[in-house]
Amino acid sequence: MNFHWFHLMPYRFLPDDFSTAYHSVWVDPPSHLYDPAKGNQLYNEFLDELEFADQLGFDGICCNEHHQNAYGLMPSPNLIAAALTRRTKNAALVVLGNSIALYNPPVRVAEEMAMLDCMSGGRLVAGFPVGTSMDTNYCYGMTPSTLRERYNEAHDLIIKAWTEPDVFSFNGKYTQLRYVNLWPRPLQKPHPPVWIPGGGSVETWEWTTAMEYVYCYLSYSGWIRGKQVMDGYWRNVEQTGGDDNPYHAGFLQLVCVSESAEQAEKDYAEHVEYFYDKCLHVWQGFADAPGYRTIRTLKAGFGPQVGQTATQARKGLKWKDLVDGGFVVAGSPQEVTDKMANVIEGLRVGQLMVLCQIGSMPPELVRKNTQMFATEVMPHLKGIWSQYEDKWTPKPLANRAEPQPVGAK
Amino acid sequence: MEMQTVSLRDGIFTTAYQTGGRGKPLVFLHGAGMPAGVNPTVARLAERFTVYAPIHPGWGETPEDIDHIDDIIDFALYYQDFFDALGLEQPIVVGHSLGGMLAAEIAALCSPCISKLVLVAPVGLWRDDAPIPDIFTMGPAELAPIVWHDLESPAAKAMMTPPETPEAQAAAMLGRAQSMAASGKFLWPIPDKGLKKRIHRIKVPTLILWGESDKLAPTVYASEFNSRIPGSRLEMIPNASHMVLVEQPGACAKAIIDFAG
């Protein structure tokens, strides 16, 4: 069983009335709400917290890519991963991921990830999300109905750039290059493991199964709803003759560990409510551009994570509802251990991403939550799925280089 | 009017079109939304012309047809294929909204292919000081006030009233998803795909019609099109917004018949 520690890097200083005074946390939240001095403070806190997770023995530490929003301050996940290569030792750097359709040309992704893999001694996980509608269609202007075709072409070019030893030309519909010849190249062979974060589209399931990539369902509706999607995923795997190894499935779960259920509420409720009320306050008009989801996925009934329908489902939910509804797993170490065992086994996931920094949660609580999870929950769950082989996390270089003291005279 | 089909490009497309009437050929190119029955202006035009009202590829029974059309130039050439396949000699081309952008591109690429051009509230030009609203962020309730002059009219109310049954609601939702997804290929993120570079090539007599209350295609664009298309005539239609062909079919049909009949 693998545990990865995810940071979303939210801006935790939004005004109290944010969700009533402004229509969206994403695409067009007023720029005056961002204080760059706070940004200096926040980025350093966030990086410290990710490094802390590495020290505590999490299998991976995760970052991601989102644009023009207060939900997460990482338009460039590769910058974050680069900042992490130096002070972390063992954790995989799970970049989850680059929205590859947004990189022009896509070889930029191949190059930056090759750099990260070499810099870290072979610890990179290459995540390739299609990207949210807010990010791809509204912030970056990509036509919704051709986004997936663009993404597929970018993927093919990136994989070829990593694996084709000779110089090659690429005459694609969206990218034309005459000389592709990557320097540097990744350490891991044939290339870093590829993980695909998806929101639940049938096309993504089928493709990740065929390519033997890790399918990660990243959801804010919690594990009860997550199980519906993962059940669908595993049914699809079975129908298409795929491998039932749980290590190629990932799931994100919000977790709040404290001394007791009551103390967990005292510690974390305000911050979890900030997350659901403010960080996910996305205007319906930006949540799901026409053509972003295929007719096939629409007919299968999967809604987007954000926007009015999703918000309506979570509107006014407070701590108790969020815990009872499985949105957040909270309580004492024993309670959290028991619930997490259910999540892991019920959803058949071998790559569990935990979110311990939630919403406005400040550093001292992040450390408490993370430390308690790492020392009092995780050890009891590590043995799950020991009968399966994990082929999807990095096998880094044994004697990898470390930063050297640089005392100048 | 009856529905017929024609095969284009060796069977890649099966194009459905309404046709009827008698007289010179007139092709009507619809806008971004799903065409609902026969447009009332087009029905009147069938009294004086042989009318052809195709359903755009991707808007009809086979949504995947749009995959073969990447941009507005492909779209314009597709319709030249349509004219050829039906043997239409220099048809009059009438286009509304996205269909107007398309009609203008057809005329710019091949003025000799058509005899007269009618642009009804076309999109395709962009001014930063008069942005076209982002229709893709809107549902029917948000769209209605910017496309209808009279929100109390039966047609406006029909647009804003959700259908009764869940099945009908789902079908309407999927229809909107399909037509908006296809429209995005020509309008996303800004509905300026280069017509400004080609509009000077329009050398056929051109009539521009615009509803005076149009809030989707602001009326400043009426004079933009008018000043850029040499010799074009502009007629503003009162008591009408973007859905001018539905709101004032009598006035629109008269203007077109006087111009092209």
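Tutor: What follows goes from the interface to the cores and then to the cysteines. This is a predicted model, in which local features need pLDDT of at least 70 and side-chain atom pairs count only at pLDDT 80 or more, while totals for chains, interfaces and linings use all residues. Residues are numbered from 1 along each chain as its sequence is written, chains are lettered from A and ligands numbered from 1 in the order in which they are written, and side-chain values use heavy atoms, with hydrogens and water left out.

Student: How many residues of chain B are in contact with chain A?

Tutor: Contact means heavy atoms within 4.5 Å. By that rule, 13 residues of chain B touch 18 residues of chain A. Buried area is the accessible area (1.4 Å probe) that two parts lose on being put together, summed over both. Between chain B and chain A this comes to about 1200 Å², with 72% from carbon and sulfur atoms. B:Thr137, B:Leu174 and B:Trp188 supply 47% of what chain B buries against chain A, more than any other three residues.

Student: Which residues touch the most other members of the largest nonpolar core?

Tutor: In soluble globular proteins, nonpolar side chains tend to be buried together. A nonpolar core is a set of buried Ala, Val, Leu, Ile, Met, Phe, Trp, Tyr and Cys residues joined through side-chain atoms within 4.5 Å. Buried means under 20% relative accessible area, exposed over 50%, and partly exposed in between (1.4 Å probe, protein chains only). The largest core has 197 residues, and those touching the most other members are A:Phe128, A:Trp162, A:Phe275, A:Tyr276, A:Phe373 and B:Phe225. Apart from it lies another core of 25 residues, including B:Leu45 and B:Leu207.

Student: Where is the disulfide, and how is its link handed?

Tutor: A disulfide is a covalent bond between the sulfur atoms of two cysteines; the cut-off is a pair of cysteine sulfur atoms within 2.5 Å. A search of the whole structure finds one over all chains. B:Cys110 and B:Cys113 form it, with sulfur atoms 1.8 Å apart. Their link is right-handed, with 75° about the S-S bond.

Student: Is B:Cys110 buried or exposed?

Tutor: B:Cys110 is buried, at 15% relative accessible area, whereas B:Cys113 is partly exposed at 22%. A:Cys139 is in no disulfide, and the nearest cysteine sulfur, that of A:Cys279, is 16 Å away.
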